[in-house]
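Here is a short report on one protein chain. Take a look at the model first, then read on.

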Amino acid sequence: MSAVLGLGLSLAAAFGTAPAVAAPDTAATAPHVAFTGPSNSHESAAANKAFFEAVAKSVAEKRAANPGAQSVTIVYSTANAPSFRTQIANSASIWNGSVSNVRLQEGSNADFSYYEGNDPSGSYASTDGHGNGYIFLDYAQNQQYDSTRVTTHETGHVLGLPDHYSGPCSELMSGGGPGPSCTNPYPDANERNQVNYLWQNGFAAALAGARS
């Protein structure tokens, strides 16, 4: 057994179970938006934009097929991240209590999925190169940093927020910038306002495209 695999299994045991399915292989197709810092800021911005657009497009297509829906709901799957179901549920609850123009809900026919496992780049949000968004939660990083903060931060990318690693701990999207001692899992007022704006205005454009 390799050291990496051994570490993964021991950390999986600490969280409750081992991963069922590996995350999509995106190394050659899509840049990541990582928790602790990008290797290239332009790549990070492109990844964040691609991820938001992928999720918005998925939600818009379902809304176009069901025009009577009154709210914008993003559906997620935890099937491939069973060890983190509690943190993911807490993350959804935090965001649902923080913003009013969009809601997160677990269910089938998901707009994006969570995965878990080991990755030297840590936790990240990405797309699979085919317009589908997903969040990868790394075992080691979720031991080093507050796991709910990591999960809620990565979920912020689903809602369209970019990273701001130089920000203070009070900013959720500062990610791992403030260090492991930062455990704040809540978005600040500016982040909340930005999400509400994006899902009022940015989603309207995605919906128009889905209806055309």
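How many aromatic pairs does a search of the whole structure find? The search finds 7 aromatic pairs. Keep in mind that this is a predicted model.

Start with Y76 and F112. Their rings form a tilted pair, with centres 6.1 Å apart and 40° between the planes. This pair links distant parts of the chain. Y76 sits in strand 2 (residues 73-80), and F112 sits in strand 4 (residues 112-117). The two residues are 36 residues apart. Are Y76 and F112 buried or exposed? Y76 has a relative accessible area of 5%, so Y76 is buried, as the cut-off for buried is under 20%. F112 is buried too, at 1% relative accessibility.

Now turn to F84 and Y139. This aromatic pair is stacked, at 6.2 Å centre to centre and 15° between the planes. F84 lies in the loop between strand 2 and helix 3 (85-98), while Y139 belongs to helix 4 (residues 139-144). The pair therefore ties together parts that are 55 residues apart in sequence. F84 is buried, with 0% relative accessibility. Y139 is buried as well, at 1%.

The table puts the two pairs side by side.

| Pair | Type | Centre to centre | Angle between planes |
|---|---|---|---|
| Y76 and F112 | tilted | 6.1 Å | 40° |

Y115, Y124, Y134 and F136 form one aromatic cluster.

## The chain as a whole

In what order do the elements of the protein chain run from the N terminus on? The order is α-β-α-β-α-β-β-β-β-α-α-α.

The chain has 212 residues, and 50% of them count as buried. Its accessible surface comes to about 9500 Å². Carbon and sulfur atoms account for 51% of that surface.

Contacts tell how the chain folds back on itself. Take the contacts between residues at least 6 apart in sequence: 66% of these join residues at least 24 apart.

## The nonpolar core

In soluble globular proteins, nonpolar side chains tend to be buried together. Here, the largest nonpolar core has 35 residues. Which residues have the most contacts inside this core? They are I74, F112 and W199. F112 is also the partner of Y76 in the tilted pair.

Helix 2 (41-65), strand 2, helix 3, strand 4, strand 6 (133-138), helix 5 (147-158) and helix 6 (189-211) each supply at least two residues. Helix 2 gives the most, with 6 residues.

## A buried serine

S123 lies in the loop between strand 4 and strand 5 (124-127). Is S123 buried or exposed? S123 is buried, with a relative accessible area of 0%. Its side chain has a polar partner: a polar contact of 3.4 Å joins S123 and N142.

A disulfide is a covalent bond between the sulfur atoms of two cysteines. The count for this model comes to 1 disulfide. C169 and C182 form it, with their sulfur atoms 2.0 Å apart. The torsion about their S-S bond is about 85°, so the disulfide is right-handed. C169 and C182 both lie in the loop between helix 5 and helix 6, 13 residues apart.

Along the chain, D188 and L172 are 16 residues apart, and their C-alpha atoms are separated by 6.9 Å. Neighbours within four places in sequence aside, D188 is in contact with S170 and E171. The side chain of D188 also reaches the backbone nitrogen of N190, at 3.2 Å.

Methods. Residues numbered from 1 in each chain as written. Predicted model: local features only at pLDDT ≥ 70, side-chain atom pairs only at ≥ 80, totals over all residues. Heavy atoms only, no water. Phe/Tyr/Trp six-rings, centres within 6.5 Å; stacked < 30°, edge-to-face > 60°. Helix = DSSP H or I, 4+ residues; strand = E, 2+ residues; numbered from the N terminus. Buried < 20%, exposed > 50% of the residue type's maximum accessible area, 1.4 Å probe, protein only. Contact = heavy atoms within 4.5 Å. Areas by Shrake-Rupley, 256 points an atom, 1.4 Å probe, with all protein chains shown as cover. Polar contact = N/O pair within 3.5 Å; in protein donor to acceptor, adjacent residues only side chain to side chain. Core = buried A, V, L, I, M, F, W, Y, C linked by side-chain atoms within 4.5 Å. Disulfide = S-S within 2.5 Å.
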